[in-house]
Amino acid sequence: MSFVVVPTNIEDAVRFLADNPEARPLSGGASLVAMKNAGLIEASHFVSLARIEGLNGISVDEGGLRIGGMTRHRDIAASAHLTGDLAMIAQAAGQIANRVVRNMGTIGGAVGNADPAADYLPVLTCADADVEIYGADGPRRISIEHYLIDWYETALEPGEIVTAIHLPHPKEARSNYHKLARTPGDYATASVACAMDGKRVRVAVGACGPKPIRSAEAEAALEGQIADPAAIRIFADSLAALADPMDDVRGSSDYRLRLIPRMVTAAINEIRGAH
Amino acid sequence: MSDKQVISLSINGVTGEVFAPSDSTLLDVLRDDLGLHAAKRGCNQGVCGACTVMIDGVPMRSCLTMAGACEDHEVKTLEGYIQDPLMNSLQEAMIASGGVQCGFCTSGVLITARNLIEEKPDAAAEEMRTALSGNLCRCTGYVRIVEAIAKAAKEVVV
């Protein structure tokens, strides 16, 4: 089975998903169709989101930026809207898989799948993003922090679709995304998103636990101390202490715990030196 | 698995309908229903790049594309480039440079490389290698493929 249906509005899509519990929403297909091909999932239907208006592209209003869920990695990597402390999001998008897959994969699909090693999760966590979700009861918004729950577990209810990512307006600030991977295009062994505005630094570590690691307490303690190597060291170690990495083909848990302080320190120093 | 559906497709400028299993990918339909064998089934996971085709002018993985989601989209496979001057010079450059050995990756490489030359005719060798990171070749070590792309790109610029 796996009939493809192509609704033209979001209400029809979520109604179809509600009426057909074995149906799955299909965005770019970069992960979902690969899983189908590998026999990892079964779906009565794939509900393509390609024809639904308002899901593709980046828009700006007084509230901030909205990245439609069907926006491709390619377009996010090249977006002129993602500047300052949001530049790290474009950097992350440009490091996903390879050129051809970036033509297909979407941010909504990636956030919906929520692979803990996915490049978007640390940058969106660092950027205080909100996830816009549409279900049978209409739209809702939830912070990325509360959206991500556990390994591959999110706040998405059955039949709900990630329709957009919301971000604050970019600040005049620096940001960067550091990814350590076995080879370019692989999932990260560990990754670090870092943004600095004024004296405040925000850091999120990816691929080292069920969800990105971020600590408001540690960030507050580092405020105003970013020129102090000892303070940076305490900060970096405190993030490593919060990590819960797995052993997998990309690296052991122990290796990742050693990577985190080094990568966090390097990311902060790069941003600091650039000022 | 026996459920089939009618899927209307536009491939290499020809529009028609196929009656194919509903869970077919575009690659399945190309190879199994239409006999277009340039796109290869390597990993079937979107990693190896042997199945790369153009959809609406953009290179994509046919193995990750549901056939039923292709209605109203223009698909172009390597077979659609038989009379394309740029593709022809790329093919000749691949032969001359020895960029083809077993040949399994070649059609995917050609689609990716032609798109790169079109978008960035002055791409540096490093950019070519990065572009090819989505096309696995286990024979050539890429050196001769990169040579061939550089050669074809030079001809375009001139």
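## Ground rules

Residues are numbered from 1 along each chain as its sequence is written, while chains are lettered from A and ligands numbered from 1 in the order in which they are written. Since the model is predicted, local features need pLDDT of at least 70 and side-chain atom pairs count only at pLDDT 80 or more, but totals for chains, interfaces and linings use all residues.

## Chain B overall

Chain B has 5 helices and 5 strands; these are DSSP runs, with helices being H or I of at least four residues and strands E of at least two, numbered from the N terminus. Along the sequence they run β-β-α-β-β-β-α-α-α-α. The radius of gyration, taken over C-alpha atoms, is 16 Å, close to the 15 Å that the globule rule gives for 158 residues, so chain B is as compact as a globular protein of that length. That rule is 2.2 Å times the number of residues to the power 0.38.

Of the 158 residues, 47% count as buried, meaning that 20 or more other C-beta atoms, placed from the backbone, lie within 10 Å of the residue's own.

## The sheet and what packs on it

The 5 strands of chain B form an open, mixed sheet in the order S2-S1-S5-S3-S4, where strands pair if DSSP finds at least two bridges between them. S2 (14–21) and S4 (58–61) of chain B are the edge strands, each pairing on one side only.

## A closer look at H3(B)

How many residues of H3(B) are buried? The count is 11 of the 14, so the helix is largely enclosed by the rest of the structure. Among them are Val109(B), Leu110(B), Ile111(B) and Arg114(B).

## Where chain A meets chain B

The contact takes 24 residues from each of chains A and B, with two residues in contact if their C-beta atoms, placed from the backbone, lie within 7 Å. On the chain A side, H2(A) gives the largest share, 4 residues. By class, that side has 15 nonpolar, 7 polar and 2 charged residues; Ala, Val, Leu, Ile, Met, Phe, Trp, Tyr, Cys and Pro count as nonpolar, Asp, Glu, Lys and Arg as charged, and the others, Gly among them, as polar.

How values were computed
Buried ≥ 20, exposed ≤ 12 C-beta atoms within 10 Å, placed from the backbone.
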